[in-house]
Every structure is written in structure tokens, then in C-alpha cells.
Amino acid sequence: MADPKKETENALEVLKRGGIILYPTDTVWGIGCDATRPGAIERIYKLKQRMESKSMICLVSDLNMLEQFVETVPKAAYDIMKFAVEPTTIIYDDPIRISENLIAADNSLAYRVVDDEFCRRLIKKLHRPIVSTSANISGQKTPQSFKEITPEILEGVDYVVNLHREKTNPKPSMIIKLTRDGKVSIIRS
């Protein structure tokens, strides 16, 4: 079995030099990079063959980090996160200190406070959010396990984390849009 601390260090080195990684999350396997590096984000869009107008999500380690990368976290967000029974991503208005090519045309960005121990440790050590987008070519089925990830994705990243490869997770997170005035919309359940 791989050493989680060593895997964290390996992934961190790649992220720090602007690389992209394939890694397990609290939902499906993700392709990620430092969310403040436009070049790395551009590489993910190219790898996924995804239009830049289709924004991706970011993972943060905790509420403190979330508050550093969103202008104002609406009060309702804290209740949603407190009572969510499954991984929940929230789209916020007015993201800050983040790469421009991640921000949607309406000046919003999706963040999830991650529940996976490896992800949390990696993000804390990086001190910045990481991008998380499903490990598939845009429009293709989202892999439910590591063994379903295509060679094109495996070969297109700079590092593949060697943890939780046997884990199966059939679904991505729930996505909720929360506007600064408190309006809530469910985007994906």
C-alpha cells in the first residue's frame, strides 16, 4: 500500500510547479491543479476537450480557506454545509484571488469544502484551492472507479496519485447555486 504522506508530497511538488494531477476525492476521481495557475487550468481544459465557458469546481480544505477565496460567503452556505448528508458543492458569487479562467461569465465559481483526508492535507499544504473536475473527456461517462479512467486521461496528467484505486464512487457531488442575496437553486442533485 502506498504511503499517504509520500503521495501528498509527490502531488504537492507537481502542483507547485504548475502541473496537473489525477487524484481521488470525496466523490469521483478528479483531474486537478493549483486553482491560481491559469496555464495549468488551460491544460486541464485541453485534456478534457472542454470549452472554457464550462467552468470547473475548486476544492478547499476548510471554511477559513473558503472565506479567503469568496468575497462574501452567504450565511445560508454555512447551514447548507452543516446539514448536507452527501458531498455538496456550492456556487458562489464574486470569487477572489483565483485564476480568471476558472470564473464563470456571471462572476461565480463552485467550491466544495472537501471531506477526503488526502485532499484536505494536500490543499492545506498548498495553501490554495485545487481544481477538481471529473477524470473523463468532456461529454463521456464519468468514471466510477480508477479502473474506468481512460489511457488518454492517465497519460495526459503529470502525476497519478497512488491511493484509493480500489474505491468505487458512483456519483459526483450535489451542486447548489447560492447567490449573494441568499437565493438557492439546485443545479445537480
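1. Tyr 111 counts as buried at 2% relative accessibility, where buried means under 20% relative accessible area, exposed over 50% and partly exposed in between, with a 1.4 Å probe and protein chains only. Tyr 92 lies in strand β4 (residues 88–93) and Tyr 111 in strand β5 (residues 108–113), so the pair ties together parts that are 19 residues apart in sequence.

2. On provenance, this is a predicted model, in which local features need pLDDT of at least 70, side-chain atom pairs count only at pLDDT 80 or more, and totals for chains, interfaces and linings use all residues. Residues are numbered from 1 along each chain as its sequence is written, and side-chain values use heavy atoms, with hydrogens and water left out.

3. The count of aromatic pairs comes to 2, under the rule that rings of Phe, Tyr and Trp (its six-membered ring) pair if their centres lie within 6.5 Å, with planes under 30 degrees apart counted as stacked, over 60 as edge-to-face and the rest as tilted. Trp 29 and Phe 146 form a tilted pair, at 4.9 Å centre to centre and with 55° between the planes. Trp 29 lies in the loop between β1 (21–23) and β2 (30–32), and Phe 146 in the loop between β6 (130–134) and α6 (151–156), so this pair ties together parts that are 117 residues apart in sequence. Helices (H or I, at least four residues) and strands (E, at least two) are DSSP runs, numbered from the N terminus. Trp 29 counts as buried at 4% relative accessibility, and Phe 146 counts as buried at 14%.

4. Ser 99 is placed in the loop between β4 and β5, and at 4% relative accessibility this serine counts as buried. Leaving aside residues up to four places away in sequence, Ser 99 touches Ala 35, Thr 36, Arg 37, Pro 38 and Ile 41, a contact meaning heavy atoms within 4.5 Å.

5. Which cysteine sulfur is closest to that of Cys 58? It is the sulfur of Cys 33, at 8.1 Å, which is too far for a bond. The sulfur of Cys 119 has its closest cysteine sulfur in Cys 58, at 13 Å, again too far for a bond. The count of disulfides is 0, a disulfide being a pair of cysteine sulfur atoms within 2.5 Å. Cys 58 counts as buried at 0% relative accessibility, and Cys 119 likewise counts as buried at 0%.
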